[in-house]
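Below is a short note for a colleague who has not seen this model before. Please read the numbered points with the structure open.

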Amino acid sequence: MSELDDISHHIHDRISSLQRLLDLSVVEFPQNKIKKLGQELFALERLLEEFEKCVDQQKEQLRHLKELEESFQKDFKDIQHIKENIPAHMLRKKGPVNGSEPVMNQNETADVKPAQLENVKKTIKNFIRDMEFITVSEFENIPQYMRGRVSYQQLNAVVQSINTAVTAKYKILHQSVKTLNNHARKLHQRFKEQETSDTKGQYFVVEDDIREFTQMKVDKRFQGILNMLRHCQRLRELRGGGITRYMLI
């Protein structure tokens, strides 16, 4: 804007100068004065043209700035909407404080005590798999006849319930039977009886596990959601012994 102010002041000075010359027009001007007046008028016209160009440029810049502001406001609203509507199942993963995992060199590895190795083995043994949540793109690729009225959130709520049942079941299996109460011992025995050679090394639950460890209703709607999870390759069925095992893939 300082450039426009300079041009405006300059034009104002020129106009004031011409005004003084015009005020003296009642007196007969010498030829050289009339020539000077014509030069001043010509210079003023060029300055006015330059001033108009600057004004047009400033208007164009202002238009671009307004468009940019509107774009930023839209992006801000979109981000705010995403922040306020993050699905409940999308938990934040905790990482190291410094942003990187410490790496042991060969000398440090050699100093690891047998007790530490034993703890690592226990951690691996007690590891429990879980089912990955369905992504938006996966949900949209499920055929409409299969989805029905089930929403994206409802589908992942079932995934969460299955993960809850799997975790509860295998926590019991990973414990010593001697440490369990009567009810947990009965569950432990049932879990073992349901295992087969095909389930070795696999994680699975049955409908009774869903009823035992979650509030999810095992009904026709639940069965329909299981079909969607099979379609998304999250689980497969293994039948036998009068029960259906839902195995995590």
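1. Glu237 has a relative accessibility of 23% and counts as partly exposed; buried means under 20% relative accessible area, exposed over 50%, and partly exposed in between, with a 1.4 Å probe and protein chains only. Its salt-bridge partner is Arg239, at 2.9 Å from N to O. Arg239 is exposed, at 61% relative accessible area.

2. This is a predicted model, in which local features need pLDDT of at least 70, side-chain atom pairs count only at pLDDT 80 or more, and totals for chains, interfaces and linings use all residues. Residues are numbered from 1 along each chain as its sequence is written, and side-chain values use heavy atoms, with hydrogens and water left out.

3. The structure holds nine salt bridges, a salt bridge being a side-chain nitrogen of Lys or Arg within 4 Å of a carboxyl oxygen of Asp or Glu. One of them joins Glu67 to Arg63, with the closest N and O atoms 2.7 Å apart. Both residues lie in helix 2 (residues 31-84), four residues apart, or about one turn of the helix. Helices are DSSP runs (H or I, at least four residues) and strands likewise (E, at least two), numbered from the N terminus. Glu67 is partly exposed at 41%, and Arg63 is partly exposed at 37%.

4. Which residue forms a salt bridge with Glu138? The partner is Arg234, and the closest N and O atoms are 2.7 Å apart. Glu138 lies in helix 5 (residues 136-140) and Arg234 in the loop between helix 10 (220-231) and strand 2 (235-240), so the pair ties together parts 96 residues apart in sequence. Arg234 is buried at 9%, whereas Glu138 is partly exposed at 24%.
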